[in-house]
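Here is a friendly note to read alongside the model. Keep the structure open and look for each residue as you go.

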Amino acid sequence: MSAIQLTPAQRKIHRAEAHHLDPVVMIGNDGLTPAVIKEAEMALNAHGLIKIRVLGDDRQARETMFAALADQLSAAPIQHIGKLFVLWRPRAEKERTADEDRMAGPRDVKVLKYSSRGGQRPEVKTLRVLGNQRLTSGGQVKRAKPKKISVKKRTLG
């Protein structure tokens, strides 16, 4: 058996996610070659959930290929319909390094402008605020002022 065991509910979720996917690996008449296994391994690392198409006509051979692929790739067998296999393996989380030199990026802010008449809907404006800007309480965008340096520090540096 494969290393990953899923409940029927989990399998159903993955089947639904795989419905719109196209096959990313094709198994030819040569069967499971090392190149096919390597390609399926790379696709699982990149996507996590993949479809594989088999071109052979022998149903028994396809069933053994499906089980062998799941075992060799340590993946969960999700579905085998006709000449299509669906395999799933959780993707490893990528470690992200914090970049101290990075500045804040632009963000979209919704501003509500209320009408002077009470029964009217407020006007909604979406403003893009850049990293060096701030939004005032009145809905105005102001640029951040440069930090003031004292006269003494200016003469030293």
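1. Start with Arg89, which is buried at a relative accessible area of 12%. Buried means under 20% relative accessible area, exposed over 50%, and partly exposed in between (1.4 Å probe, protein chains only).

2. A word on the source: this is a predicted model, where local features need pLDDT of at least 70, side-chain atom pairs count only at pLDDT 80 or more, and totals for chains, interfaces and linings use all residues. Residues are numbered from 1 along each chain as its sequence is written, and side-chain values use heavy atoms, leaving out hydrogens and water.

3. What does Arg89 pair with? Its side chain meets that of Glu41 in a salt bridge (3.2 Å, N to O); the term means a side-chain nitrogen of Lys or Arg within 4 Å of a carboxyl oxygen of Asp or Glu. This pair links distant parts of the chain, 48 residues apart, with Glu41 in helix H2 and Arg89 in the loop between S4 and strand S5 (107–113). Glu41 is partly exposed, at 28% relative accessibility.

4. Now look at H2 itself, residues 34–47. Helices (H or I, at least four residues) and strands (E, at least two) are DSSP runs, numbered from the N terminus. Val36, Ala40, Ala43 and Leu44 are buried in H2. Seen down the helix axis, the buried residues fall within an arc of 100 degrees (taken from the directions from the axis to the C-beta atoms), so they line one face of H2. On the other side, Pro34, Ala35 and Lys38 are exposed.

Conventions
Expected span 1.5 Å × (residues − 1).
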